[in-house]
Amino acid sequence: MFTSRTLVANGIDLFLLEQGAGPLVVLCHGWPELSYSWRHQIAAIADAGFHVVAPDMRGFGRSSAPADLAAYSIFDTVGDMVGLVRALGQNNAVIIGHDWGAPVAWHAALFRPDIFTAVAGLSVPPPFRGRGRPLETLRQNGINNFYWQYFQTPGVAEAELESDIALTLRTLLGRGFADPTASLFIADGKGFLGDARADRPLPDWLGEADLAVFAEAYRTSGFRGGLNWYRNIDRNWELTAPWQDAQIRQPSLFIAGANDAVITGLIGAKRITELERVLPNLRHKLIIEGAGHWIQQERPDQVNAALIDFIAANAT
């Protein structure tokens, strides 16, 4: 069974779940999630002979949530993972990320190949740095209702999401991202949650007890820390200019659900077909039929098997 503790890394407190001994594996969750999102992976990977740590990422759960909006750039979040490896007394690690944690994992491998010797990303493809700032590009293409845009003004999304936290999480986790028109674009007057219903049945992979864990954490932390990650999207584009067209050369793995709108939309589908442009050492691309966005919770057995095979072959 995993244990928990809090470490100081990169100048902030990082709460983490931890189990096992052996080569280090770091698991980075996304939004709106927690280290608990990796509950099915921690024991399985530890039992395979590895030291597994899953932090609450900066701004989430029981980790620090700096007040400064600018403290949530990709440099800060990757810096946290570098600091975490050092705080654990290790020199290198395999890093794995899901959702927003995937860009952290990809960039960690890109920025610090000396530390992160293998990388896996779930649901979100590796960075393809476009020609312009992402939010500006959306506007130029006539898009003004994408959820990234709705999240930009501090206080707006917080007010909606925090008005009934249990209902918010039931809607976000239960709905997923299978239908982009219902979950990624904001209808006039509907907000991000749209027609949220308290009687929405939970998917079979998420129990009421699991939902309660997420809700309790977000009642304490609120949503601002996680939303601040989105408020650095254009800034991240600016900061990563030196890595334009750079490749991640370490062994890599990509896993996603076939029904996840993140990989089936016009941009996402193109990125999936071009993974090798950024990942020349891609060992496996696993697209799981019938699965959606919360892939490591939805299909833990398939995800665990793929991750363990990958880690066992590439951990140092």
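Contact here means heavy atoms within 4.5 Å. By that criterion, and leaving aside neighbours within four places in sequence, valine 26 touches Val53, Pro55, Met81, Leu84, Val85, Ala93, Val94, Ile95 and Ile96. The model is predicted, with local features requiring pLDDT of at least 70 and side-chain atom pairs pLDDT 80 or more, while totals for chains, interfaces and linings use all residues. Residues are numbered from 1 along each chain as its sequence is written, and side-chain values use heavy atoms, without hydrogens or water.

A nonpolar core is a set of buried Ala, Val, Leu, Ile, Met, Phe, Trp, Tyr and Cys residues joined through side-chain atoms within 4.5 Å, buried being under 20% relative accessible area with a 1.4 Å probe, protein chains only. The largest such core has 79 residues, and Val26, Trp31, Met81, Leu84 and Phe192 touch the most other members. Helix 3 (residues 101-111) supplies its largest share, eight residues; helices are DSSP runs of H or I of at least four residues, and strands runs of E of at least two, numbered from the N terminus.

Helix 2 (residues 74-87) packs against helix 3 at about 80 degrees, with axes 9 Å apart; axes are lines fitted to C-alpha atoms, for helices over the stretch in contact, and angles run from 0 to 180 degrees between N-to-C directions. Helix 2 is therefore roughly perpendicular to helix 3, a term covering 65 to 115 degrees.

An open, mixed sheet of eight strands has the order 1-2-4-3-5-6-7-8, strands being paired if DSSP finds at least two bridges between them. The twist averages 20 degrees from one strand to the next.

How values were computed: Buried < 20%, exposed > 50% of the residue type's maximum accessible area, 1.4 Å probe, protein only. Parallel < 35°, antiparallel > 145°, perpendicular 65-115°, else oblique.
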